[in-house]
Each structure stands twice: as C-alpha cells, then as structure tokens.
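Okay, everyone, let me put this one on the screen. I'll talk about a pocket first, then a helix pair, then some strands.

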Amino acid sequence: MKLRPWTFGKDKEVVLKWVGNVEIKDKQWRIRAAFEVDNQIKMLDFPIAALPLLRVGAFYKDGQLMDTNTTGIVYDVNIPQLNLYKVVSSLDACKAFGYYLHKMPELMFQNVFEYTVEGNTYFLPQFEFIRAVFAINKTITNSMIQPNGLELLVKKSYINNYKAYLELAYEIPNAVVKDDNFLRYFVWLYFSPEIKTSFESIYTLIKTKEKNGRYMRLEVQLPSSSNTQIRFRGLQNGNKFLILQWLGSDLEGTYFNDIEIIHKAFKKRIYAPADRKYRNSQSKDGFESILNDDSNERSRQDTNQPVENILGTQFDFGNPATIHKVFGDTQHVNQGDIYISNKGQGGGIQKEQHQIVGLDDSVLGGTIQPIEFNSVEVTRNTRGQGLEKFIKMIQLLSTYTHKYQVALNFINLPLGRKFSLLPDGTRRICCLVHVKCKLSNKEYYILEIATPDKRNLSTLILTSMDKSNIELSILTIIKSLVFNSGNWKTEELFKYDFKRLKHIDQNYFEWKIRLEKAFQ
C-alpha cells in the first residue's frame with residue numbers, strides 16, 4: 001500500500017517522526033503525520049484508517065513502508081498495572097533521547113503515558129497504544145471514531161457459560177471474517193468489559209474536546225490489566241525507554257472455550273462434477289495499491305474487497321478458544337475439467353500496474369475500490385519465535401553507542417513454500433538488523449531467521465549493499481531462501497559481499513564478540 005498524498009521525491013527515504021492530531025475534513029476523519037527529511041518536518045494527512053500503516057521511527061519510500069530501514073531495537077517490559085501511570089507531554093518524553101520534534105506544538109504536546117518499573121522509566125505515546133491495540137484494520141479503525149461503533153458491527157450477541165455467540169453485520173468484509181485471528185480478536189474486543197470501555201473512550205474523549213471540528217489529540221482510557229508483558233521497538237538512554245512501536249502483548253485474555261460465529265461469508269460447499277471456469281490474469285508482478293488522494297471520491301460498498309497482509313500486532317490471549325462457524329447459504333463448487341474464459345468484468349484481469357484504493361467508510365454510489373488490512377496475529381508467544389537470545393545479543397551490541405548505531409526490525413517470510421510457516425501454522429519471521437560502524441562508516445545487514453523447529457540455518461551478514469536497491473535485494477534474498485527449502489541460495493548471495501555465522505553454544509557477550517569479528 002502506497003500512502004497518498006506524498007510530497008517527497010519518489011526515491012527519497014523519509015522517516016515517520018511522530019503522529020499528530022485528528023480532524024474532520026470534508027465530513028471524513030483524517031489523521032496528521034509528521035515525516036522528517038533533510039532535518040525538516042512535513043505534515044501530511046491521511047484517512048484515519050491509514051493508522052495501521054503509521055509506524056513511528058519507520059522509513060517510507062514513495063509512500064510505502066520499508067522493511068529494511070527503521071529506528072530503534074526490540075525490548076520487553078512487564079507493566080504491573082497498566083492503568084497506573086503519569087501523563088506527560090511528547091516533549092518531556094522525547095528530550096532524554098535527543099528525539100527532536102522540531103519545536104512543533106502539535107507534536108510536542110501529544111499525551112504520553114509514563115511508567116516506572118523496577119527503576120526503569122518507559123514512555124508510551126497514547127496514539128501508539130491506540131494504533132497497535134485497536135487500529136488493526138480499516139473496519140475497526142473507522143468504527144473507533146463513531147458513536148457505538150462496535151455495536152454497528154454486531155447484529156446479535158450473548159454469552160452462555162463459557163461460550164460466546166456473535167452474529168456479525170454484513171459491513172465486515174468476507175475475507176476479514178474468514179480469518180480466525182480476526183475472529184478471536186473481535187470477540188476479545190467485544191466481550192471484555194475493560195477492553196471495550198477503553199476502545200469506546202477514544203471517541204468519547206475526542207468529542208469531549210472537539211472545538212468546531214479543529215485538530216484534536218488521539219487519547220485513550222487504559223484498561224486495568226495486571227502484569228502486562230509488552231514487546232516493543234524503541235530507544236534506550238540509560239534507564240529510560242521510549243516506545244516507538246508496540247509489537248505485541250499478553251493483555252487481558254478471554255474466558256471463553258468456544259466461539260460461535262454467524263456471517264454471510266460462511267457458506268456450506270456443495271461439490272458438483274461440472275466444468276470449472278478459469279480466467280487468465282494479465283496482471284504483472286509488482287501490482288500495487290495506491291491510497292486514494294481525492295477526498296471527493298468515496299469507496300464503494302464491497303463485501304468481497306481485497307485484503308492486504310501487513311505485519312501487525314501480536315496478541316497472546318492464553319489458550320485460544322475453539323471457533324465454530326455457522327453455515328448459512330450454500331456455495332456450489334465445480335470439480336470438473338477447467339476451461340478458459342476471459343469474458344466479463346471479473347477481477348481476474350488487471351491491465352494497469354496499480355489500483356487506486358480507499359480506506360474511508362464505504363457508501364452507496366462510491367466509485368473507489370475499498371481495501372482492508374489483515375494485521376492481527378493471535379499467538380501463545382509474543383517474544384520472537386526462539387529469537388530471544390539473538391535479540392539479547394543485539395541489545396548488548398547496541399549499548400556500545402560510541403562504536404555502533406543499531407536498528408532492528410521483523411519481517412514476515414513470504415508465503416509459497418512449507419518453510420514459510422512453523423509447524424504450528426505460525427508465519428515464520430526474519431529478524432533484520434542494520435548496524436552502522438561509526439569509526440569505519442561501514443554498514444552491515446544481519447539476517448537471522450526464526451528456527452524454533454531446530455532447522456540448521458546460519459546467520460547471514462551482508463555488506464557493501466547498493467543503497468538504491470537495499471530493500472529489493474534483501475527481500476529477494478529472503479524469497480530465494482523460502483523457495484530453496486529454507487537454505488541460503490548461494491548463487492543469489494554471490495551477487496553481494498557476505499559472510500555466514502554458524503550457531504554455536506555461547507553466551508551473549510561471546511556471541512557479540514564473534515559478530516564483531518565478522519565486521520572486520
């Protein structure tokens with residue numbers, strides 16, 4: 001997804017410095033974002049439902065979130081009581097880290113939660129909690145700023161002992177409802193009183209402080225969750241931590257054993273021997289979605305709208321409830337021979353290289369293709385798929401601030417082969433580390449693949465990368481790994497200067513020293 005409007009050069013990399021206020025513009029909710037380039041700030045505004053794409057400290061190119069360039073590394077903290085905090089300004093939170101907000105009042109006076117845990121201080125921007133925990137896709141984000149927004153998505157609901165029942169409204173797209181991760185998330189959001197109250201407080205606080213539709217801060221009332229484990233990407237200065245991106249948590253779970261869901265997307269398949277129609281696609285690799293930039297154009301209603309997968313927030317709800325999907329209508333599925341047909345206006349043919357898509361609330365008479373996000377992962381482990389020791393070693397490396405500048409990011413492996421998924425069905429991830437040696441001015445990219453299934457795969461270290469093609473090169477290497485049965489493809493690596501570091505049994509300090517030797 002490419003964000004629009006975009007006022008920077010097509011090949012210019014810019015960083016999302018901070019998130020600003022929300023406003024009502026042309027009867028639609030918009031959110032302002034501050035991008036930094038050449039030590040200057042440019043404010044852009046997007047539909048509120050673009051919030052899932054706004055990752056503070058992340059870099060963007062031509063409006064697209066980059067996988068290979070970000071700010072900060074990954075840490076963990078356990079918050080004893082989530083709703084016990086101080087509220088400070090962004091200015092007070094950022095100044096200890098030299099994180100400059102360019103003297104812009106809109107940025108400096110956003111509200112930030114401050115926690116003190118075991119002698120350490122953690123700063124959590126309110127807009128980041130909202131983005132990570134509630135703005136998980138277009139449908140939920142748009143309902144977040146409507147009165148009784150959640151109720152508009154539910155036709156009927158009740159709880160019977162340890163079973164939850166929900167009949168979902170047709171406004172929730174079919175492809176979203178078919179995802180079990182979303183269903184478990186939505187039931188948690190809807191039936192957990194503390195979580196639901198927190199969600200609804202966003203709209204209440206906005207309307208309380210609204211003045212003639214002018215700019216308003218995104219604020220939230222936090223749930224009273226105990227012992228909340230948070231994994232985040234952020235900055236450290238001594239005993240202080242600035243949370244830039246909330247990656248995952250074990251917020252209050254659900255007490256349901258079973259979830260029964262009704263939605264029109266669930267149809268009983270009836271198989272028939274008739275021939276199957278196949279439509280040739282003329283789409284080319286690299287087909288991309290571009291956010292609609294004309295506020296006068298509205299998205300049309302479409303329950304079968306496309307869904308874009310993005311790396312989002314991990315939720316640990318404990319033991320996941322069993323989902324029972326209640327089938328309504330029937331769907332006839334032909335299993336005979338295939339015949340080719342290119343007639344009609346179906347979505348199989350895309351002659352353009354891009355498509356304009358909308359994130360606004362769909363309306364009758366709209367003309368723009370709506371799009372949704374799939375960004376929720378419900379998991380029993382939010383701590384990195386066995387990458388904990390590697391992350392600890394990188395944390396140690398990053399403390400040598402006089403020698404290195406370190407950034408760490410997670411990338412989902414592309415689908416297409418068995419190696420893309422772990423044995424439990426979880427998407428396998430790559431931990432990507434960017435290290436800049438301050439003395440030599442050399443830069444290194446380190447790729448560590450999650451192998452909790454005990455796959456034997458060495459750490460890959462890349463150097464002397466072509467800066468104009470770093471993103472494409474690294475993603476190509478990862479794709480080659482997947483399609484090479486989970487082994488580094490040597491023919492692909494010979495295009496670059498690289499080293500491979502075998503895994504051996506050693507402590508964090510010894511591992512760090514061995515990595516530093518590979519830099520020489």
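**The second largest pocket**

So, H11 gives the most to the lining of the second largest pocket, with 3 residues. A quick word on terms: helices (H or I, at least four residues) and strands (E, at least two) are DSSP runs, numbered from the N terminus. A pocket here, on a 1 Å grid over the protein atoms alone, is an open set of points where a 1.4 Å probe fits, with protein on both sides within 12 Å along at least five of seven lines, and lining residues have an atom within 4 Å of a point.

Keep in mind that this is a predicted model: local features need pLDDT of at least 70, side-chain atom pairs count only at pLDDT 80 or more, and totals for chains, interfaces and linings use all residues. Residues are numbered from 1 along each chain as its sequence is written, and side-chain values use heavy atoms, with hydrogens and water left out.

Back to the pocket: 21 residues line it, and Gly 386, Lys 389, Glu 448, His 503 and Trp 511 lie nearest its centre. Helix H8 (388–398), strand E29 (443–449) and helix H11 (508–518) are the elements giving two or more residues to that lining.

Now the helix pair. H8 and H11 pack at about 70°, axes 9 Å apart (lines fitted to C-alpha atoms over the stretch in contact, angles from 0 to 180 degrees between N-to-C directions). So H8 is roughly perpendicular to H11, a word that covers 65 to 115 degrees.

Last, the strands. E17 (residues 288–291) and E23 (residues 354–358) run parallel, joined by 4 bridges; pairing takes at least two DSSP bridges. Glu 288 has His 354 in E23 as its bridge partner.

Terms used. Parallel < 35°, antiparallel > 145°, perpendicular 65-115°, else oblique.
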